[in-house]
Amino acid sequence: MNKMDTSFPTVINGPLHADRRHDSAHKHVAGSADYIDDMPEPSGMLHAAIGMTDRAHAIITSMDLSAVESAPGVVAVLTAKDFPVNDVSSAHKHDEPVLTDKLVEFHGQPAFVVIAETRAAARQAARRARIEYEDLPAILSVAEAKAAGGKFVTEPLTLKRGDADTALAQAPKRIKGQMEVGGQEHFYLEGHISIAIPGEDDEMTIWASTQHPSEIQHMVAHVLEVPSNAVTVFVRRMGGGFGGKETQGNQFAAIAAVAARKLKRAIKIRLDRDEDMTATGKRHDFVIDYDLGFDEDGRIHGVKAEFAARCGFSADLSGPVTDRALFHVDNAYFYPHVEVKSLPLKTNTVSNTAFRGFGGPQGCVGAERFMEEIAYALGKDPLDVRMANFYGEPGSDRVLTPYHQTVEDNIMPRLVAELAEKTDYRKRREEIIAFNKSSRVIRKGIALTPVKFGISFTMTAFNQAGALVHVYQDGSIHLNHGGTEMGQGLYTKVAQVIADCFQVDLDRVKITATTTGKVPNTSATAASSGTDLNGMAAYDAARQIKERLVAFAADKWKVPEADVEFLPNRVRVGTDIIPFPDFINQAYFARIQLSAAGFYKTPEIHWNRATGQGRPFYYFSYGASVSEVSVDTLTGEYIVNRADVLHDVGHSLNPAIDKGQVEGGFIQGMGWLTTEELWWDGKGRLRTHAPSTYKIPLASDKPEIFNVELAEWSVNKLPTIGRSKAVGEPPLVLPISVVEAISMAVASVADYRQCPRIDTPTTPERVLMAIERLKTA
Amino acid sequence: MSYSISLTVNGDQRRVELDDPRVTLLDLLRERLDLTGTKKGCDRGQCGACTVLVDGRRVNSCLSLAVTLDGADITTIEGLADGDTLHPVQAAFIEHDGFQCGYCTPGQIMSAVGLISEGHAGEDPERVREGMSGNLCRCAAYHGITEAVIDATRRMAETSERKSA
Amino acid sequence: MYETNYHRASSVDEAAQLMGNAGEGKYLAGGMTLIATMKQRLAAPSDLIDLRHIGSMKGITVNGRNVTIGAGTSHYDVASSDALKAVCPALCSLASHIGDPHVRHMGTIGGSVANDDPAADYPSAVLALNMTVKTNKREIAADDFFVGMFETALEEGEIIVSFSFEAPDKAAYQKFPNPASRYAMAGVFVAKKGSDVRVAVTGAGSNGVFRHQGMEAALKAAWAPDALAAVSVDAGMMMADIHGNSDYRANLVKVMAKRAVAAAG
């Protein structure tokens, strides 16, 4: 074919930077997208159920499982003794047994496993155990942990720059305060599940609902005492993860694997909803103590703060989570002198874990409380205080973070100015203040809050990724990478990268289930890094194949390499135009390798935890939101009348998907900050272990008016994939504006003279209490 | 004791023997009839992931005992499309990005079909959101879900007007 | 493993007879509570007697101002009955805010009232509308029906067949729903018929649904929200749980009562 064929499109279907539907969209609406519990079951498969303890802190004195063993359908009962390596600590601190047979460290900690012919039989049998305990004193909260001397699950961190003590002593104004920030249950609609299928020799295949297949692989190998090469882990998609499936699946995969090895049968374990809520970790709740020094203009001189977290009984990810809280204690603000430290406290509660934002949102909530305190103390619009404290332009003397990284990409002033302008923030605030003067029962509030979020794993080694790309003889492409799909659209975006590289329509790229057998040594799909890392790794694989193809074409057609061009669904070689499949077929017969493993590691980053200095983040993402609320001062009820978001995702790879992430993140964050209350009773029992007691947002909780826009002018200054930016976590921080708008409405009852200091979640009861407190003050 | 019931599932007559009357419709669909499109989220009637239509009305299949439904007409997500042609609600969910992880989607769609046939919400966003309040979406794709339901309501009304015209 | 037997009753008499023969039998109405508790093994009946297919227990009849609602009528059918809306829209509104749409399609008024959950909505309507509860054995006056939390005047095996009442002149129900479950954290049903006023409170009392004499007296004197200003609600009578303490509930009761009077017009 030598002439231009007009049947070729001018652009491919599904290039970079274009709206594309989620790759499984059709399957999702047809009900044909398989989650692990939907897959056909291997013959002879058995079902596992966990047996839980019911003490927060105790020694098991006896465990009588005879009635469990004799229950109908039961095939085996496993205890700690069946686990020669009884350890699934992702922090490698050996503080997390798969099953406990002695020390109980939280209410619900699994003590045994029942294997039965059906899931119902296993679950019913598990209730027949008789366990005797000797109770020990339980430490349940941050306050109790501190009062008892504050045992840590992992090393605390201090970030320090300048001389905070002197700055505080010399500052014209000073405020001390405390804030409690609640935790959050992930409530992924698909609960934890693992299937283990024993193979020949020492082999084990695992299907797990996990964000971290490589860690499941390592943990299963660890408990089975086999090398990693014996274990292969698969996951095609999850029904939500949100961080809850970063480490928390280890235990269940280990249980399934050990039972499968022992019984030589496939084993499925799927937790019941209340078991999942009781036995798996959540977002860390914090108590923040702060000491602020500032001047009449609202500018901060010095900050000292302590971030104490309820970590639960084991380290898990509490180290990096509490570190990230400190990395975000500045949010968008420059602190001339600062000293902040984390207290990762051990408690007799379930071990808290990753949750979208990973401590960062809690840090930001603290920073925004600082701004609010200063604004009320000075009688200023909080937005003015915020703007006075923003990081400066690159090159100015206000660009250094508490961890000594220079902020080089600050777009916050422009972004906030645009949002304030677009939403008429100033005018609406004036109108609301006027409204509140004459309204007896209903009070309104409005607030604009920013988010600056650091992108990269703070553990530098985790910032690497691999991908595997095959081009088959018919020109169809097989794509695999280390990232996992949990609804965020990662598979779609990475497929767009490949389609764009080869200039072929997106439907020519087959996206395949994530597996440790194709791409090894991957990091968790976490830290918002999925697209940044895996997109670049896939790009690298495509680049290698393309280079070989270009060399082949230049050689065969005798043209310079610059004369080989990938056009939509075809290749131009000199003046020849060859359809992509034909071109690939010719390359195959010329014995060109049409497969490549790609790799990427984030450049420039480094971090020294001992000195608290470095460049942990490759770049920052920015965003801001304005929220307006109405509060009923008789009941504390409130509604979000309107929310406007302007968010930075750099040059978006897929604006439709990114916008969905921002919208969803905002509402999920709003749930965390307003309605989602975790409640442990005096015995350490989680009482909010079902959707009937734990309130996550519904369709009817969406702001009445909800405008989400991406900052279309933003382009990542650094060479990320397509100059885009990460999107997963930062939007969760946006709805701090809702909390602060509620706060303003409450403050109106005392003429805005006092910062209401409402803890989160801002339940109606808490709001009403704050109103009463201010009225009587 | 064994119970024999007959159901119409997505238009097909199914005769089922139950050896335990406590089997829920959800478990019957997923484990016996291989209809895994209906999802198990909370298994106690609080999340809506298991929504199906029973005699045209949306219910939580996890809180319905199969044995009580002898003679009932059941529609699940698998029975909605007409061959390769998606139901208007399914098509609208794709068009408006009414999902992320997709796990709640079959329940959302069945609930939307029920809501539209109940006819109380119309195209009023607030009533649609209220009418969809039995279905949790943890990814919080509520913006797209609401838009999709309104759009499908409109399209279905236009289609039925054309048919009756 | 325990066994459960299932029986589909085709008449009220047959249901009662089946219950008489059962060991630990339970009637199955909508099943919205029973099936959930069975799953948690909080209930383990030997026999389930299905009332859902008894035609005579379903439907709403309105005769002038006289209303009769079959116990097997779903919340959805109560909420969307035009005949009922014409004489007592407050009851339709109450039904339309129970749980979520799915629950409203399955759950029934009889099941809800017989279960007498202290946070259920219907018991307040039964009391405030002075309903007569008709069972397979007798008629029970509303004031005699509710005994305490999850405890009614129903005898073992007794089945509620219907509810009847004369529509009030004015009525309204307002609740502060628990945000997660949508059960009432405080729900107040007010009704005025001639000079008689009844105020029933659900979700808040430490002993289940109750009438509030103080508010009734105040509203008899003057039917207006502000008439309630001076009435005190005793926090000591309120329940406290993970969703709210007793002071908060006492406050909510008063606010909901005022809203209800305002809504009733």
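Colleague: What makes helix 10 of chain A largely enclosed by the rest of the structure?

Modeller: In this predicted model, 17 of the 19 residues of helix 10 of chain A are buried, so the helix is largely enclosed by the rest of the structure; a residue is buried if 20 or more other C-beta atoms lie within 10 Å of its own, exposed if 12 or fewer, and partly exposed in between, with C-beta atoms placed from the backbone. Local features need pLDDT of at least 70, side-chain atom pairs count only at pLDDT 80 or more, and totals for chains, interfaces and linings use all residues, while residues are numbered from 1 along each chain as its sequence is written, and chains are lettered from A and ligands numbered from 1 in the order in which they are written.

Colleague: How do you know that the span of helix 10 (residues 360-378) of chain A agrees with its number of residues?

Modeller: The expected span is 1.5 Å times one less than the number of residues, so the 19 residues should span 27 Å, and the end C-alpha atoms, 28 Å apart, agree with that. Just after this helix, A:G379 takes a positive phi of about 65°.

Colleague: Why is strand 2 (residues 12-18) of chain B said to lie largely in the open?

Modeller: Of its seven residues the number buried is zero, so strand 2 of chain B lies largely in the open.

Colleague: What makes strand 1 (residues 3-9) of chain B and strand 2 of chain B a pair?

Modeller: Strands pair if DSSP finds at least two bridges between them, and seven bridges join these two, which run antiparallel.

Note on methods. Helix = DSSP H or I, 4+ residues; strand = E, 2+ residues; numbered from the N terminus.
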